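Subject: Structure handover and notes

Hello,

Please find the structure below, followed by notes on what turned up in it.

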Amino acid sequence: MAPQKSNSSRKPTKDDSKRPDKKPLPRRQVQDQNRPQRQQNDSGAENQNEKNQIDISDSIPITLQQILLNVFKSALLSSPHSSSESQDPAAEEPLDIKTLIQTIKSHLYNRDFDSAFADADEGLLRAYALRWSAARALGYAGLFKSMFKVLMEDEARNSGKGSALHPAHVVCIGGGAGAEIVALSAAWRDLMDEGTILGSQKGLSDAFEAVSLSDKHGGQGDESTRKSEQLQTPPTSSSSLSITAVDIADWSAVVRRLSSTILSPSVPGSKSHPSPLLANGQQQDTTTDSILNVDFKRLDVLSLSDAELASLFHSTQPSSSTHTNMVTLMFTLNELFSTSMPKATAFLLRTTDLLQPGTLLLVVDSPGSYSTLKLGKGGSAGAQERQYPMKFLLDHALLSVTKGSWERVYSQDSRWWRRDAARLWYDVGEGAGLEDMRFQIHVYRRL
């Protein structure tokens, strides 16, 4: 996410003090599905694209993007329906966004990252997510949709059957601030609406409408009613999405609010994309698999034992056989390398040993010099300071040290995602507007 919390396990770097974006400069983007994605390439990017094996140009409809933004506003600004702990949630006052954002920026400018994240209260973290995570989620949604399609194509190729995706489990390292959780849900919803994965969200909406029509006609239309009743509860074979978000700061309250609001029909929607963002149907039994399961873990990934790290990549939901399909490091890996080069490299190597073939690793980070790391001590006798791009360190770990374990299927040093400023509405307070995002992206497939 943007100045993304004290992500996953790392300590913020010096660039954090220059702007409230802990993952420097890049910000979110969105794009209208009816308009080709605009992108800006740095030198060498066009040649890079010729070697890329996958397409990441997917986007989600503008009305679905709007629901995504509405989820953040409904969940975090005052969110009476998503706060399960409040005895009188309706009495919640909207956050003073302007003041809270100024406080966050002040902490970051002073490099007081404990106050900004680790020691921050729920109000401050909610303001952070409203300001930075919402827009980031817009930029992530299309990428995640593309990744899901890659997984489905791989599964179809390996099984020899149609392109279907079994229950997916995504581990988001540094995903506590919620951008990945909401973006993954939006991508999943779009694929459901398209009929690409089992369990149609539109089918559920049609079912409710059919029930309403039959009631108006005095019980007429039994066939429609029976069909709608079948649709209301997704079949046991429908695919579900499990997300494990890992972060060093305590984002549990933010994750809880967002997760429940994703499933809430109270969020404003539209005729083409009614709420909720994802529907769990009529299932009331918590032991039964639902379409969305979200688990937050407050951990330092650079200090985990082998057993703790292994537990991240196995879904804790009832469908425990679900293995991790994708691991994301969104504006997080550079921070891990900055915290400790040896530990970050070891984390990548240990993760490699735990992931099954076919798993995707998605790395998104700041482009250019913002993701350059310095090694050595300048000025000391016999030692010279050298600068290494994060991409070089990533490739070295995955393609050289673990040679034969990974293949890089996409890489681009600079890419733009832009929001549709004219058609998206997001009014959550002064200083919390949406922004575009420039980033580098690298995708690897476990062999």
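The side chain of Asp-247 reaches the backbone nitrogen of Gly-176 at 3.1 Å, a polar contact (a pair of N or O atoms within 3.5 Å; within protein, one must be able to donate a hydrogen and the other to accept it, and residues adjacent in sequence count only if both atoms are side-chain atoms). Asp-247 sits in strand 2 and is buried, with a relative accessible area of 0%. Buried here means under 20% relative accessible area, exposed over 50%, and partly exposed in between, with a 1.4 Å probe and protein chains only. Helices (H or I, at least four residues) and strands (E, at least two) are DSSP runs, numbered from the N terminus.

On provenance: this is a predicted model, in which local features need pLDDT of at least 70 and side-chain atom pairs count only at pLDDT 80 or more, while totals for chains, interfaces and linings use all residues. Residues are numbered from 1 along each chain as its sequence is written, and side-chain values use heavy atoms, with hydrogens and water left out.

Ser-414 lies in strand 8 (residues 406-417), is buried at 0% relative accessibility, and makes a polar contact of 3.0 Å with its side chain to the side chain of Arg-438. Asp-413 is also in strand 8, but at 24% relative accessibility it counts as partly exposed. Its side chain is joined to that of Lys-391 by a polar contact of 3.4 Å. Asp-413 and Lys-391 are 22 residues apart along the chain, and their C-alpha atoms are separated by 8.5 Å.

Next, strand 1. Six of the six residues of strand 1 (residues 168-173) are buried, so the strand is largely enclosed by the rest of the structure. Ala-168, Val-170 and Cys-172 point one way, while His-169, Val-171 and Ile-173 point the other way. In a regular strand the side chains alternate between the two faces of the sheet. Strand 1 runs parallel to strand 2 (residues 241-247), with six bridges joining them; pairing requires that DSSP finds at least two bridges between two strands. Within that pairing, Ile-173 has Val-246 as its bridge partner. Strand 1 also pairs with strand 4, again in the parallel sense, over five bridges, and there the partner of Cys-172 is Thr-328.

A cavity is a set of points, on a 1 Å grid over the protein atoms alone, where a 1.4 Å probe fits but cannot get out; lining residues have an atom within 4 Å of a point. The lining of the largest cavity includes Ile-173, Val-327, Phe-347, Leu-398 and Trp-406. Strand 4 and helix 12 (341-354) are the elements that give two or more residues to this lining, and helix 12 supplies the largest share, four residues.

Two helices can be set side by side. Helix 5 (residues 122-159) has 38 residues, but its end C-alpha atoms are only 46 Å apart, short of the 56 Å that a straight helix would reach. The expected span is 1.5 Å times one less than the number of residues. Helix 5 has a kink of about 40 degrees centred on Ser-133, where the bend is the angle between axes fitted to the seven residues ending at a residue and the seven starting there. Of its 38 residues, 32 are buried, so helix 5 is largely enclosed by the rest of the structure. Helix 6 (residues 179-194), with 16 residues, reaches 23 Å, close to the 22 Å expected, and 15 of its 16 residues are buried. Gly-160, with a positive phi near 75 degrees, follows helix 5, and Gly-195, with a positive phi of about 80 degrees, comes just after helix 6.

Finally, two backbone details. Most residues other than glycine have a negative phi, and most peptide bonds are trans. Phe-331, in the loop between strand 4 (324-330) and helix 11 (333-339), has a positive phi near 50 degrees and is buried at 0% relative accessibility. A cis peptide bond, with omega about 5 degrees, joins Ser-275 and Pro-276; Pro-276 is in the loop between helix 9 (252-262) and strand 3 (292-298).

Regards

Conventions
1 Å grid on protein atoms, 1.4 Å probe; cavity = no way out; pocket = protein on both sides within 12 Å on 5 of 7 lines; lining within 4 Å.
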